[in-house]
Amino acid sequence: MAYQESFDVNSRGRGTVEITVEVARIVRASGVQIGLANVFVQHTSCSVVLTENADPSVRRDLETLAARWAPDGDAAYHHDSEGDDDMAAHGRNILAGASLGVPVGKGALLLGTWQGIYLWEHRTFPHRRRVIVTVVG
C-alpha cells in the first residue's frame, strides 16, 4: 500500500518551520498501520530535518553550525547569481539533506519524545517550499 500527498510551506527566511503536525495528518490519512513515511522537499536550497522540538535554542545553534559549514559570500564560490546566500544554501542542503524517513506504527509517526520534523530554510529571504510525503506499508 502506498499513499502520497504534498503541501506548501511558507518560510520566513533562514530558519526552521515545524511541519510535524502536517506530516502526521498525512500519515493518518494514508491508512497505513505499519510502514515508513518519506518526507522530501523539492528544492536545493532548503532541507527537511528531524531535530529537537522542545528547546528552540537547539535550532538557533544549528544555524550557527551551518554558518561554519557553509558561510555566505565565500570568495571561493563560483555560483552566486542569486546572492551571497545562494551557494551557501545549496551546500547546507547537501549537508542536512532533502529527505528523511520516519517509521510508522499503529497508523502514526513513531517519533521520540523530543523529536519534531522541520523544514529548514537556508536562504535569507522568504520562500514557498513544496514538501512531498510518501507513506508505504
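## Where the model comes from

The model is predicted, so local features need pLDDT of at least 70 and side-chain atom pairs count only at pLDDT 80 or more, while totals for chains, interfaces and linings use all residues. Residues are numbered from 1 along each chain as its sequence is written, and side-chain values use heavy atoms, leaving out hydrogens and water.

## The overall fold

Let's start with the big picture. The chain has three helices and eight strands (DSSP runs numbered from the N terminus: helices are H or I with at least four residues, strands are E with at least two). Going along the sequence, you'd read the pattern β-β-α-β-β-α-α-β-β-β-β.

Along the principal axes, the C-alpha atoms fill a box of roughly 50 × 30 × 20 Å. Of the 137 residues, 42% count as buried (under 20% relative accessible area; exposed means over 50%, and partly exposed is in between, using a 1.4 Å probe and protein chains only).

Now look at who touches whom. Take the contacts between residues at least 6 apart in sequence: 81% of them join residues at least 24 apart (a contact means heavy atoms within 4.5 Å).

## Strand E8 and its partners

Which strands pair with E8? Strand E1 (residues 2–10) pairs with E8 (residues 128–136) in the antiparallel sense, over nine bridges (strands pair if DSSP finds at least two bridges between them). Within this pairing, serine 6 has isoleucine 132 of E8 as its bridge partner.

Strand E3 (residues 34–41) also pairs with E8 in the antiparallel sense, this time over six bridges. Here leucine 36 has valine 136 as its bridge partner in E8.

Lysine 106 sits in the loop between strand E5 (99–105) and strand E6 (108–109). Its relative accessibility is 80%, so lysine 106 counts as exposed. Lysine 106 has a positive phi near 55 degrees, and it isn't a glycine. Most residues other than glycine have a negative phi.

Is asparagine 93 buried or exposed? It's buried, because its relative accessible area is 8%. Asparagine 93 belongs to helix H3 (residues 86–96). Leaving aside residues up to four places away in sequence, asparagine 93 touches His43, Thr44, Ser45, Cys46, Ser47, Ala98 and His122.
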